[in-house]
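Let's walk through this model together, starting with its open space and then turning to its helices. Have the structure open as you read.

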Amino acid sequence: MHSLTIITLLFSIFILNCSSEQKPSASNGLSSTMRSYQKAQAVLNAGIEAMGGLEKIKALENVSVEYDGLRHMINQSRKPEGPWDKEPSTGKVIIDRKQNRLYSLSSNSYPGIGAFGMSWAITGREGFHIDAYRNHHGNEIMKLSDNETDWPWAANMRWLPPLLLLQASEINTSLRWIDGFQKDGRAFEAISFVQPNSATLVLIFDATTHLLEGYETVREDGVFGDVTDFIRFAEYQDFDGVKLPTKRTDYFNNEIARELTLKVEVNAPIDESLFKISEGYETPKENANEGYTRIKKIGEGVYLDQDMCGIMIDEF
């Protein structure tokens, strides 16, 4: 009888322990979504503090970055098997918080063809997009309004980590915890949020310094299927109490796609002419697309897919 009592007691303790081990999943009654959100919010808050703090970031009236470097022409080189050609990549991004506007110029060169350059100038929800070199869309003015401005705003905010984190904090209900992981002897924390253009970004932070290491996106590629693009920031420096990177490396499926040096300025005078349309550009006529074809020949064996952001197709 005494042995039976001991066995019964031990079994009861085992059942209680099992029950107690299952209880933490309730986590004070919070749902899994709320726990994920709160954990992500804590990571974001630490990242903002590491950048200089919310107050100093919000005090920035404008931030500009000029970039210069090389693109590794993955699958766009003279030799289809590599090594990849390296071509110049330059540009400029201005985010003017005081007047709620942005300017962006992007110039990228292609092997044996030369450079194409596009610029955007947007104030609030209105703006325009032009071919800076007039060798792709010519002198056409592409007017932008309302949700057509969502992508330029989202894409250009990604150049400036403090402003990207500020954006995430202002639309924070989409924040979610993703993962904590180790790589090359360093610890990282990953969270996600949804930008105003509905793009989902995974923000990756150094778990020790809490600085933004970079961000990652997933997209569909016509050749490889689902792929990742990862942007890594490095060599942060202090600008008026706010940390901004001076190096950027772009990766395509973990392969280096672009290496850039960044020249940063904060609260500097802005060239007002950048927000005005230069002479020689004009709004297209109503019937301008009458003879439109998706695949446009621009040279011998060289074509543009006009429905896929002007992707260039070379015959080998």
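A pocket here is an open set of points on a 1 Å grid over the protein atoms alone, with protein on both sides within 12 Å along at least five of seven lines. Its volume is the space filled by probe spheres set on the points, which are joined across faces, edges and corners. The second largest pocket holds about 410 Å³ of space. It is lined by 16 residues (an atom within 4 Å of a point), and Asn100, Trp153, Met157, Gln167 and Glu170 are the closest to its centre.

This is a predicted model, in which local features need pLDDT of at least 70 and side-chain atom pairs pLDDT 80 or more, while totals for chains, interfaces and linings use all residues. Residues are numbered from 1 along each chain as its sequence is written, and side-chain values use heavy atoms, without hydrogens and water.

Back at the pocket, β2 (86–96), α4 (150–157) and α5 each give at least two residues to the lining. Helices are DSSP runs of H or I with at least four residues, strands runs of E with at least two, numbered from the N terminus.

Now follow α5 (residues 161–170) to α2 (residues 32–51): their axes, lines fitted to C-alpha atoms over the stretch in contact, come within 10 Å. Contact means heavy atoms within 4.5 Å. On the α2 side, Leu44, Gly47, Ile48 and Met51 take part, and on the α5 side Pro161, Pro162, Leu165, Ala168 and Ser169.

Finally, the chain has five helices and 16 strands, and 43% of its 316 residues are buried (under 20% relative accessible area, 1.4 Å probe, protein chains only).

Technical notes: Axes fitted to C-alpha atoms, helices over the stretch in contact; angles between N-to-C directions. 1 Å grid on protein atoms, 1.4 Å probe; cavity = no way out; pocket = protein on both sides within 12 Å on 5 of 7 lines; lining within 4 Å. Buried < 20%, exposed > 50% of the residue type's maximum accessible area, 1.4 Å probe, protein only.
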